[in-house]
There are 2 protein chains.
Amino acid sequence: MPKGTPELLKGTLDLLILKTLDSGPLHGYGIARSIETKTEQTLQIEEGSLYPSLYRMTNRGWIEFEWGLSDNSRKIKSYRLTAKGRKRLKLEQANWDRFAFAVARVLGEQTA
Amino acid sequence: MPKGTPELLKGTLDLLILKTLDSGPLHGYGIARSIETKTEQTLQIEEGSLYPSLYRMTNRGWIEFEWGLSDNSRKIKSYRLTAKGRKRLKLEQANWDRFAFAVARVLGEQTA
DNA sequence: AATGATACCTAGAATTTCTATGTATGATCC
DNA sequence: GGATCATACATAGAAATTCTAGGTATCATT
């Protein structure tokens, strides 16, 4: 753990994945690496959280996948957002913003 | 629900309670009302979440209580932070800041 | 006398995330 | 060639928190 104890994901994993897929199709493992890199390992995506989440969101119709090959010729499931997923992303992002703002209020940070 | 669907607490309840008690002793019901007021009902504290949390944190030695009377002469459990609780508050607040910053990074908000 | 707000409590369900595994293959190093 | 590491997928079961849905009691108000 290069940056101290990693943060728990506190129910934001779906949002983080949806947002990552908003930039274009990607496979599960790549999504995890992308989030970790962007946050400099502050957020760590366990595979035991990642794959169940992808499975759930596929079932809910927020994302879909097709089998493909990665750069290094490995079999991958390439995920992408559906229209429903894009709507869901907007909703979850708005919810997060409201939530984070509210918490900041309680913590006494003057955010406005 | 005056302000739309209330946000889930996503593991921040302990932090919110500790922070509220940092301003001085208060009883459970009052803590809940304080958080709801401060956030204009964005965060809603269910009693089924509140009391178990107070119980857990008492057991962990982060808070302690004594029976007392409220302004309107009701029996209350007046909670206050312990030294351990103050340390815990600092830790959880730092963790939250790191976490919120990391999420903002993924969401593409330029916070630095 | 009834109602609503205050104030406490608990059981059980739901959900998410984590820990701990397992499998398989491509790439690298000796 | 063989070992090892990173990539890539997956699942079972545990752990933790929060929610739903009840319950009790008292004070104040209508």
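1. In what order do the three strands of the open sheet in chain B stand? The order is E1-E3-E2, with antiparallel pairing, where strands (E, at least two residues) and helices (H or I, at least four) are DSSP runs numbered from the N terminus, and two strands pair if DSSP finds at least two bridges between them. Strand E1 (26–27) and E2 of chain B stand at the edges with a single partner strand each, so one side of each is left without a neighbour in the sheet.

2. A word on the model and its numbering is needed before going further. This is a predicted model, in which local features need pLDDT of at least 70 and side-chain atom pairs count only at pLDDT 80 or more, while totals for chains, interfaces and linings use all residues. Residues are numbered from 1 along each chain as its sequence is written, and chains are lettered from A, with ligands numbered from 1, in the order in which they are written.

3. Within the sheet of chain B, E2(B) and E3(B) pair in the antiparallel sense over seven bridges, and Leu69(B) stands opposite Lys75(B) in E3(B). Helix H1(B) packs on this sheet, touching E1, E2 and E3 of chain B, and its direction makes about 90° with that of E3(B). Here two residues are in contact if their C-beta atoms, placed from the backbone, lie within 7 Å, and axes are lines fitted to C-alpha atoms, for helices over the stretch in contact, with angles that run from 0 to 180 degrees between N-to-C directions.

4. H1(B) (residues 13–21) also meets helix H3(B) (residues 47–59): their axes come within 10 Å and cross at roughly 75°. The two helices are therefore roughly perpendicular to each other, a label given to angles of 65 to 115 degrees, whereas those under 35 count as roughly parallel, those over 145 as roughly antiparallel and the rest as oblique. On the H1(B) side the residues are Leu13(B), Asp14(B) and Ile17(B), which meet Ser49(B), Ser53(B) and Met57(B) in H3(B).

5. Helix H4(B) (residues 83–107) has 25 residues and reaches 36 Å from its first C-alpha to its last, close to the 36 Å expected at 1.5 Å a residue, the expected span being 1.5 Å times one less than the number of residues. Among its buried residues are Trp96(B), Phe99(B) and Val103(B); a residue is buried if 20 or more other C-beta atoms lie within 10 Å of its own, exposed if 12 or fewer, and partly exposed in between. The buried residues of H4(B) pack against H1 and H4 of chain A, together with H1, strand E2 (63–69) and strand E3 (75–81) of chain B. After H4(B) comes Gly108(B), whose phi is positive, near 85°.

6. Turning to chain A, one finds four helices and three strands, and from the N terminus on its elements run α-β-α-α-β-β-α. Its open sheet of three strands has the order E1-E3-E2, with antiparallel pairing. E1(A) and strand E3(A) (residues 75–81) pair over two bridges, and His27(A) stands opposite Ser78(A) in E3(A). Buried residues make up 33% of the 112 residues in chain A.

7. Finally, there is the meeting of the two chains, where 23 residues of chain A are in contact with 23 residues of chain B. The largest share of the side of chain A that touches chain B, eleven residues, comes from H4(A).
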